Amino acid sequence: MYDHCIIGGGIVGLAVAMALQERTPGARIVVLEKEAELARHQTGRNSGVIHAGIYYAPDSLKAKLCREGAAATKRFCTDNRIPFETCGKLLVATNDTETERMDALEGRARQNGIDYRRLTTAQLRTAEPGIAGLGALLVHSTGIVDYAVVCRAMAQKIEARGGEIRRGVAVKAIHEQEKSVRIESPSGCVDASKLVACAGLQSDRIALMAGLKINHRIVPFRGEYYALPASKAKVTQRLIYPIPDPDLPFLGIHLTRTIDGGMTVGPNAVLGFAREGYAKGSFAIADIGNMATFPGFWKMARRYWRSAISEFANSASRARYLKECRKYCPALTIDDLQRPQAGIRAQAVMADGSLVHDFLFKQTERMLHVCNAPSPAATSAIPIGRMIVDRLLEGTRATNVSPALQGAEA
């Protein structure tokens, strides 16, 4: 009999386990991960950026957690000798519309207490000769790290404190009982006083498996990106991001340095046909059927069809993809787009077709399901873990989510 069982061995699940050990020393804790290794999906396939929090509404929970999370991530890396670098990020405006949006972002940066500097065209050229634009915001505190390495260090700490991590355990059934929760898998049953589910791309299925009524489904979005050759790995010293369109849910194609000395360009955001299919052309009948039978998917599709067509076109044509990159990095050529790779984002979509950009929880007497942990969840994982434990131990059911979601899902 365990005190706490956590489903999911990504960075949020591991952060919850660490937070539980801090709050409840000596408690029996087990983490169940269906893969043979930790961080195999969203955590291990993201951009590796430690975000500063410039995009988020002032005084919002996401802004607060991002600032706290960036500091906590860097402290954790320092304490555990994990390589990271605070290289900074440039948000580059390439036309008049983006310059106007940059003005709004600058105001948000001031309100969020972000350490930044605005660069003119000439200052941008001096700072980054390979980057073209009308101006930019330089965010000093943005960094890079390998989150899979962070997860391995978290796992070592959890196990050193007496926690148990079971890899290769796929959950097949969940039964909430009066005094415990029973979790069934092909390798046997686990009984725990309380359950936390941090299942990412499978979070809606785990919630339904537990008998919960939910108003949303997970829709997978592929983020396709390319690795640049060694000759272009130093094309910029910093991360280069476009000024985002506030009407679209994703940030756009950007240049990202990696902690191993490489450089990637991307990702786009194209609808995926398999939640865990990373090869181009992957599809899974169950995942397609899940989307096709959910009315919210079709409502979302009607709302964003123009953007979807553009993203599919960029996915199908490297020339179109390159055109997006050359807006701010004109030195890139078609031959520079090498070794295509992909990650998949778990996007929660409500029954009315709206995309969920906030935290989404479903909580019962003995279970807490993290149905949506929005970007930048990796950056914010350590304070997110503590917040989840607060909710779990204190029985909070209607805080830390947007007011629009409290009635439906909290």
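**A note on helices α1 and α10**

1. Let's start with a helix pair: α1 (residues 11-23) packs against α10 (residues 381-394) at an angle of about 60 degrees, their axes 8 Å apart. That makes α1 oblique to α10 (angles under 35 degrees count as roughly parallel, over 145 as roughly antiparallel, 65 to 115 as roughly perpendicular and the rest as oblique). Axes are lines fitted to C-alpha atoms, for helices over the stretch in contact, with angles running from 0 to 180 degrees between N-to-C directions. Helices are DSSP runs (H or I, at least four residues), numbered from the N terminus.

2. A word on the source: this is a predicted model, where local features need pLDDT of at least 70 and side-chain atom pairs count only at pLDDT 80 or more, while totals for chains, interfaces and linings use all residues. Residues are numbered from 1 along each chain as its sequence is written, and side-chain values use heavy atoms, leaving out hydrogens and water.

3. Which residues of α1 and α10 make the contact? Among them are Ala15, Ala19 and Glu22 of α1, and Ile382 and Arg386 of α10 (contact means heavy atoms within 4.5 Å).

4. Now look for a cavity, a set of points on a 1 Å grid over the protein atoms alone where a 1.4 Å probe fits but cannot get out. The whole structure has one of 30 Å³ or more, and the largest cavity holds about 40 Å³ of space. Its lining is Ala15, Met18, Ala19, Glu22, Ile382 and Arg386 (lining residues have an atom within 4 Å of a point). The largest share, four residues, comes from α1.

Methods
Helix = DSSP H or I, 4+ residues; strand = E, 2+ residues; numbered from the N terminus. 1 Å grid on protein atoms, 1.4 Å probe; cavity = no way out; pocket = protein on both sides within 12 Å on 5 of 7 lines; lining within 4 Å. Points joined across faces, edges and corners; volume = space filled by probe spheres on them.
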